[in-house]
Amino acid sequence: MIIDTLANAEKYIGVHPLFAQAFQYIKSTDLATIEVGKYEIADGLKAIVSDKPGMSAEESEAKFECHNNNIDIQVCIRGTEHIGWKTRNECKDQKGEYNPEKDVLFYNDKPTMQFTLNDNQFVVFFPEDVHAPMIGEGNIKKMVVKVRK
């Protein structure tokens with residue numbers, strides 16, 4: 001997991017071959033005015049923009065998730081978003097089967113830590129990062145860039 005501000009995004013472009021293009025897209029997009037929806041960026045890169053009310057920790061943890069084939073770059077555009085996290089190798093209580101169509105696997109485990117993102121901050125979740133996002137009050141506008149691993 002990586003947590004930082006968009007001002008420092010250049011530091012991470014060497015982490016994955018598609019990160020340079022992903023962060024270039026994020027930084028060249030007017031995040032304040034981008035509409036809610038799904039955007040195809042390039043082969044192996046897509047963005048999902050949402051603007052909706054935050055959830056309680058219990059609601060979010062009910063969908064404590066990770067991905068096998070994608071890395072998430074989650075950018076907080078507006079609001080205060082709390083996110084629960086736990087490393088996948090410590091999760092013991094799998095909830096259902098892996099869904100390859102949606103590239104998602106859920107766990108009944110609880111996060112071992114929680115952190116906060118504010119405007120123009122981002123987190124990178126790798127397949128080993130189980131996360132419970134969108135915890136907060138009021139609307140949270142965010143962009144999730146899906147990077148095929």
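For the surface patches described here, residues must have over 30% relative accessible area and no salt bridge, and like charges are joined within 9 Å. In this predicted model, one positive patch brings together K38, K46, K52, K63, K95 and K102. K46, one of its members, sits in strand β3, which spans residues 45–53. With a relative accessibility of 37%, K46 is partly exposed.

N108 belongs to the loop between β8 (104–107) and β9 (113–117) and is partly exposed, at 37% relative accessible area. Its C-alpha atom is separated by 30 Å from that of T5, 103 residues apart along the chain.

Side chains of opposite charge can pair when their charged atoms come close. The whole structure holds 6 salt bridges, and among them is the pair of R78 and D51, with 2.6 Å between the closest N and O atoms. R78 lies in strand β5 (residues 70–78) and D51 in strand β3, so this pair ties together parts 27 residues apart in sequence. Both partners are partly exposed, R78 at 36% and D51 at 28%.

Strand β5 also contains D72, whose side chain meets that of K146 in a salt bridge of 2.8 Å, N to O. K146 is in strand β12 (residues 139–148), 74 residues apart from D72. Here D72 is buried at 1% relative accessible area, and K146 is buried at 16%.

A further salt bridge joins D109 and K86 at 3.7 Å, N to O.

Methods: Residues are numbered from 1 along each chain as its sequence is written. This is a predicted model: local features need pLDDT of at least 70, side-chain atom pairs count only at pLDDT 80 or more; totals for chains, interfaces and linings use all residues. Side-chain values use heavy atoms; hydrogens and water are left out. Helices (H or I, at least four residues) and strands (E, at least two) are DSSP runs, numbered from the N terminus. Buried means under 20% relative accessible area, exposed over 50%, partly exposed in between (1.4 Å probe, protein chains only). Patches are made of residues with over 30% relative accessible area and no salt bridge: like charges are joined within 9 Å, nonpolar side chains (Val, Leu, Ile, Met, Phe, Trp, Tyr) within 5 Å. Accessible areas come from the Shrake-Rupley method with a 1.4 Å probe; for residues, only the protein chains shown count as cover. A salt bridge is a side-chain nitrogen of Lys or Arg within 4 Å of a carboxyl oxygen of Asp or Glu. Lys and Arg count as positive and Asp and Glu as negative; His and the chain ends are not counted. The place of a charge is taken as NZ of Lys, CZ of Arg, CG of Asp or CD of Glu.
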